[in-house]
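Please keep the structure open while reading this note. Each numbered point takes up one topic.

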Amino acid sequence: MGVEQENRKKLGFGLMRLPKRDGVIDYEQVNAMVDAFLADGYTYFDTAYVYEGSEEAFRRCIATRHPRDSYTVANKLPEWKLSETVSCDDLLNESLRRCGLDYFDFYLIHSLEEDHMEMCDRWDCFSFMKRAKADGRVRHIGFSFHGTPALLEKLLSEHPEVEFVQLQINYLDWDDPKIAAGECYRIARAHNVPIVVMEPVKGGTLANLTPEQKQVFDSFEEAGSPASLAVRYAGNLPGVFTVLSGMSNLEQVQDNLKTYDDLKPLTARESVLLGRLVSLFRGTRSIGCTACRYCTEGCPMGIRIPDIFAIYNRYLYDGDLAAARQRYEALIDEGSSRASDCIACGQCEGVCPQHLPIIELLREVAEKIES
Ligand code: SF4
Ligand code: SF4
């Protein structure tokens with residue numbers, strides 16, 4: 001069966017940003033979210049070895065509570081964790097064990113980009129993927145991608161075995177030269193490779209509008225919610241078979257289900273609205289962190305980088321320094337180290353798919369918020 005037929009409806013449930021209570025995943029709420037998603041006929045879940053607590057949540061809330069043929073699941077091989085003592089087999093088998101499964105429907109080499117190619121080649125990840133498919137541990141193979149269009153072109157030309165590719169696509173990144181979402185999309189289409197979209201609302205950025213953006217949005221009354229507009233943009237692109245949404249509460253699930261149950265194409269007026277929003281976003285300074293959290297596990301200082309950036313972004317939007325300082329101190333009380341504790345080791349910048357200058361940004365946050 002081709003990958004498109006494996007997914008009955010286009011929305012995929014990203015298990016990257018699950019709700020937490022007192023610092024731990026709120027399994028009760030995740031159960032309600034998952035049940036609503038499946039009850040509406042949706043089937044695709046997305047997890048990864050490196051998403052903190054995500055695989056365990058998958059096992060507890062999905063694998064042990066729902067029949068195996070009622071859902072499909074994607075997982076990913078973190079090639080940057082490979083070493084003389086950790087093989088591709090070890091990582092795949094560990095993911096299967098944590099998820100409580102004996103196969104994954106979709107398995108991806110995680111976050112390929114220029115900086116990760118050396119590890120990918122050294123440990124021959126593409127050959128491993130074919131072997132894992134042949135022995136039945138995975139059904140369909142692909143990769144998620146954060147590199148340049150030139151690298152995507154090369155990979156798809158050299159690896160016809162790739163059945164799908166996961167790309168960061170949203171209306172703000174479409175023409176952004178750093179992400180080049182539109183160009184990458186066109187390359188995947190030219191190779192006739194089906195696409196999974198990640199970050200359709202750019203880690204929440206396109207859902208949380210500034211007051212000025214909100215005013216413009218509200219003047220287009222028919223546009224639904226800012227998040228639904230963003231997911232409709234991605235969901236209506238030809239060749240896209242799944243759009244992932246990293247949902248964090250039941251309201252987001254319900255908003256997404258409403259949008260995808262009746263996936264309307266964008267109207268001409270809504271396209272105009274998107275153009276206006278893009279201009280406003282480009283005129284508003286913010287840190288383009290998508291809260292993927294790839295950077296947090298390896299930080300030797302225990303700095304919760306995305307949480308600090310979220311606080312700083314809110315300050316950049318509303319200018320309320322006192323509130324930002326209060327939120328910052330609350331985060332420190334919860335266990336994060338301070339931005340000023342950064343020792344500039346560079347681990348985080350090496351794994352950041354958005355290529356953010358994290359060290360420099362943390363310095364800026366420390367100067368503004370801590371002083
Ligand atoms: S550069 Fe700073 S923030 Fe990044 S991993 Fe190292 S100590 Fe942590
Ligand atoms: S700083 Fe980069 S790696 Fe860290 S959460 Fe944000 S986007 Fe992800």
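1. In this predicted model, Cys345 counts as partly exposed, at a relative accessibility of 49%. Cys120 is buried, and its relative accessible area is 1%.

2. How many disulfides does the count come to? The count is zero. A disulfide is a covalent bond that links the sulfur atoms of two cysteines. To be counted here, a pair of cysteine sulfur atoms has to lie within 2.5 Å. For Cys120, the closest cysteine sulfur is that of Cys125, and the 4.3 Å between the two sulfurs is too far for a bond.

3. On the overall arrangement: eight strands close into a barrel with parallel pairing. Their order is β1-β4-β5-β6-β7-β8-β9-β10. From one strand to the next, the twist averages 30°.

4. Strand β5 covers residues 72–77. Is it largely enclosed by the rest of the structure or exposed? Six of its six residues are buried, so β5 is largely enclosed by the rest of the structure. Both of its faces are covered. Thr72, Ala74 and Lys76 lie on one side, Val73, Asn75 and Leu77 lie on the other, and all are buried.

5. One neighbour of β5 in the pairing is strand β4 (residues 44–46), which runs parallel to β5 and is joined to it by three bridges. Within this pair, Phe45 stands opposite Val73 of β5. Together with helix α3 (residues 54–63), β4 and β5 make a β-α-β unit that is right-handed.

6. Strand β6 also pairs with β5: the two run parallel and are joined by four bridges. Here Leu77 stands opposite Ile109 in β6. Helix α4 (residues 88–99) belongs with β5 and β6 to a right-handed β-α-β unit.

7. Five of its five residues are buried, so β8 is largely enclosed by the rest of the structure. Phe164, Gln166 and Gln168 point one way from the strand, while Val165 and Leu167 point the other way; all are buried.

8. Which residue of β8 is the bridge partner of Ser144? The partner is Gln166. Strand β7 (residues 138–145) runs parallel to β8, and four bridges join the two. With helix α7 (residues 149–158), β7 and β8 form a β-α-β unit, and the unit is right-handed. Helix α7 lies across β6, β7 and β8, and runs at about 155° to β7.

9. Four bridges also join β8 to strand β9 (residues 195–198), and these two strands run parallel. Leu167 stands opposite Val197 in β9. To get from β8 to β9 the chain passes through helix α8 (residues 181–190), in a right-handed β-α-β crossover.

10. The last pair in this note is β9 with strand β10 (residues 240–246), which are parallel and paired over three bridges. Val196 stands opposite Thr242 in β10. Helix α8 packs on the sheet and touches β7, β8, β9 and β10. The direction of α8 makes about 170° with that of β8.

Definitions and conventions. Residues numbered from 1 in each chain as written. Chains lettered and ligands numbered in written order. Predicted model: local features only at pLDDT ≥ 70, side-chain atom pairs only at ≥ 80, totals over all residues. Heavy atoms only, no water. Buried < 20%, exposed > 50% of the residue type's maximum accessible area, 1.4 Å probe, protein only. Pairing = 2+ DSSP bridges. Right-handed = clockwise from strand over helix to strand, strands pointing away. Axes fitted to C-alpha atoms, helices over the stretch in contact; angles between N-to-C directions. Contact = heavy atoms within 4.5 Å.
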